[in-house]
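Here is a brief report on selected local features. The sequence and model come first.

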Amino acid sequence: MPQPVYLDHAATTPVRREVVEAMEPFFGPRFGNPSSVHRWGREARAALDEARERVARCLGAKPDEICFTSGGTEADNLAVLGPLRSQQAKGRSAIVSTPIEHKAVLATVHHAVHHGATERMLDVTSDGVVDLSSLDRALDDAVAVCTVMWVNNEVGTIQPVPEIAERVKACGGVMHTDAVQAFGKLDFSLKNVPVDLLTISGHKIGAPKGAGAVFIRRGTKIDPMFHGGSQDRGRRPGTENVAAAVALARAAELAVEERETECARLKALREQLEEGLLSRIPDAVIHGRGAPRASHIVNISVPGTDSESLLMALDLAGVAASSGSACQSGSVTPSHVLSAMGVRPELSVAAVRMSLGALTTPEGIARVVELFPALIAKARRLSGVAG
Amino acid sequence: MRARVLVAMSGGVDSSVAAALLVEQGYDVIGATMKLFCYGDDVPDRPCCSLDSINDARRVCEGLGIPHYVLNLESAFGRDVIDNFVGEYAAGRTPIPCVRCNTFTKFRDLLHKADAVEAQWIATGHYARTQNGELLRGRDIAKDQSYFLWGIDRAVVRRMVLPVGEMSKPETRARARALGLEVVADKVESQDICFVPDGDHAKVIARRLGSDTPSLARGPVVLMDGTVVGEHDGFARFTIGQRRGVPGGFAEAMYVVAIRPVERAVVIGPRDALLGRGVVAHEMNWLVDPLQIGARVQVQVRHRARATPAEIVRVHDDEIELALDEPVAAITPGQSLVLYDGDRVLGGGFIERGGSAARTALPVIAA
């Protein structure tokens with residue numbers, strides 16, 4: 001079989017060598033518990049403090065504004081429910097969000113609604129961007145939290161988070177953004193973007209799974225999700241995962257350092273991929289193409305095909321891609337993001353997401369540009385669709 | 001290049017052994033589990049209910065070193081199988097969803113997935129066999145599942161591989177243990193229909209059609225002459241030949257002999273009234289060149305029932321009528337009529353009605 005091609009970096013990325021090296025001492029001699037009073041504890045604590053400072057620098061934040069979590073999902077839960085609970089005490093109980101959020105946010109919002117909050121969903125354009133005009137209707141003094149992702153994980157569209165944040169702050173709400181797909185792709189500093197909370201995840205940027213963080217701006221009141229010790233100022237009790245924090249810090253630094261060159265490289269590869277596919281499959285649809293997009297995600301639908309069959313055929317040919325969202329069973333389910341964009345079902349069931357990253361090469365893209373149209377032609381022959 | 005086969009894996013012992021045997025035989029094996037239904041719908045963001053069996057199938061594939069995919073066939077299965085299932089009950093019939101699942105879901109929709117991955121072959125864990133493009137009963141007659149397979153497209157038989165069809169159930173279990181498939185070797189076999197939890201089909205009907213659907217509403221229990229002798233709480237809870245829920249106090253044991261959905265009536269009668277000498281079926285599908293009027297066959301009107309000699313007396317489009325050599329009890333609309341010649345499956349259809357048509361009563365057909 002030819003060299004496999006991994007085009008699923010939005011799902012996860014390989015752990016970088018530099019990150020493995022940075023973590024190694026904490027699986028060895030520096031095993032201590034950061035809360036301990038002795039030398040072993042101090043050594044671990046020093047590493048944790050330093051990791052916090054480094055992540056803060058990468059985001060334009062202050063060290064005490066960084067709270068390490070087990071990943072994006074925990075961070076999103078904390079960032080939505082944490083402020084909601086303290087805001088509810090002040091009589092604010094509405095959550096503003098969008099129908100294109102990651103499940104980590106959507107399910108958290110549903111949970112909150114089940115427990116007495118109300119939800120206000122913003123409109124989304126057919127290009128997969130939040131319609132700012134729907135924000136006016138949604139904002140008033142009942143809004144506790146607004147949560148809008150920065151880069152959509154299925155189609156790659158960039159949401160107007162700074163603009164939304166300005167307006168949410170003006171009406172007294174707390175603003176959260178899930179920046180899991182944005183960090184390392186967009187150039188931003190939290191000095192200039194008025195969000196109160198922001199989620200990042202390590203394994204999307206070359207750190208291992210289980211490493212994440214949430215930025216919590218000073219003065220933002222949150223109720224903790226967990227109850228226990230006083231770690232992380234009581235915001236996130238539990239002995240800190242020092243190795244994961246160090247890994248996240250190293251990966252974040254590399255992501256920021258390399259952002260400009262890596263994004264330019266990925267953008268060129270993405271153009272090679274999109275142009276190659278569109279020239280061979282003229283009626284293919286690339287979702288969100290009319291909107292500003294991050295450089296690493298292509299979501300393509302070809303009429304008369306289905307993503308389930310395509311993903312299997314791609315996998316058996318050594319190419320890893322995905323559909324938008326996979327259910328826990330691993331089965332392909334229709335994408336809530338594409339539905340919210342008004343994509344018709346026959347295109348939605350055909351959606352294949354290819355996401356570029358560290359492992360992506362021009363040779364790999366060239367191979368997919370040959371293989372994918374061939375699989376499409378075969379699928380269409382089988383389904384009797386011309387093309 | 002090795003021949004590629006897509007194996008439908010339920011997470012049970014039969015399909016797991018089927019996959020393992022095909023790996024042993026040198027096929028390029030791909031495991032696929034169909035996700036067919038989910039009752040978690042009303043609880044958003046919850047994991048899927050069929051997760052355990054999917055996980056078992058995946059563990060087996062991991063052990064065999066073959067790829068495993070989960071295929072979401074929920075909407076097609078809901079339409080082709082579950083909607084039909086509740087519709088049949090609502091029409092006073094007793095459906096047999098496994099037949100439609102085989103016909104439409106496994107050997108049509110799943111076959112399309114096999115096409116998509118260029119798998120020439122499609123395998124399942126059914127106890128049946130194929131030979132020269134014909135379908136045969138499973139070797140183990142106690143376990144034979146050919147009764148559920150009559151509806152598949154004849155051309156598909158040539159693409160089917162049924163590895164456990166030569167084995168008995170104990171042999172399959174022993175093989176599973178020998179192959180190290182501990183996950184599934186001793187799984188208890190469920191007699192339930194997969195999408196009917198606890199065998200409570202009324203719950204499924206209520207969920208689909210609403211709990212106020214006429215088939216689950218009170219109605220009269222009547223004798224064959226129309227005399228009302230009691231009340232029932234929904235004719236969909238009854239099937240032909242059933243005794244449970246039938247009022248007592250008669251000289252002889254009484255059985256359900258008919259269901260009349262228009263009057264919501266369950267008709268009861270003595271055992272004799274259950275006997276039929278003829279049967280009419282529709283949606284007839286042939287797995288051999290179609291037979292003509294006068295042909296002698298054996299027929300089976302229920303899973304695990306003994307086959308009865310019979311003669312074809314009428315064929316019209318996809319409808320067929322047979323005269324039975326001896327009376328058969330409880331011929332039930334909605335169940336399958338399967339025609340055999342010994343072990344060979346000739347074809348089948350859905351039973352429209354039983355009949356008393358004895359062969360002697362029929363006009364002589366000119367030769």
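The notes below cover a helix, a sheet and some backbone angles.

## Basis

This is a predicted model: local features need pLDDT of at least 70, side-chain atom pairs count only at pLDDT 80 or more, and totals for chains, interfaces and linings use all residues. Residues are numbered from 1 along each chain as its sequence is written, while chains are lettered from A and ligands numbered from 1 in the order in which they are written.

Helices (H or I, at least four residues) and strands (E, at least two) are DSSP runs, numbered from the N terminus.

## Helix 2 of chain B

Helix 2 of chain B covers residues 51-64. Its 14 residues should span 20 Å, at 1.5 Å a residue; the expected span is 1.5 Å times one less than the number of residues. The end C-alpha atoms are 20 Å apart, which agrees. Just after the helix, B:G65 has a positive phi of about 70°.

Its buried residues include B:I54, B:V60 and B:L64. A residue is buried if 20 or more other C-beta atoms lie within 10 Å of its own, exposed if 12 or fewer, and partly exposed in between; C-beta atoms are placed from the backbone.

## A mixed sheet in chain B

Four strands of chain B form an open sheet, ordered 9-8-11-10, with mixed pairing. Strands pair if DSSP finds at least two bridges between them. Strand 9 (228-232) and strand 10 (254-260) are the edges, each pairing on one side only.

Strands 10 and 11 (265-270) of chain B run antiparallel, joined by six bridges. B:R260 has B:A265 as its bridge partner.

A:D232 is not a glycine, yet its phi is about 50°. A:D232 sits in the loop between strand 8 (212-216) and helix 7 (242-280) of chain A. A:D232 is partly exposed, with 19 other C-beta atoms within 10 Å.
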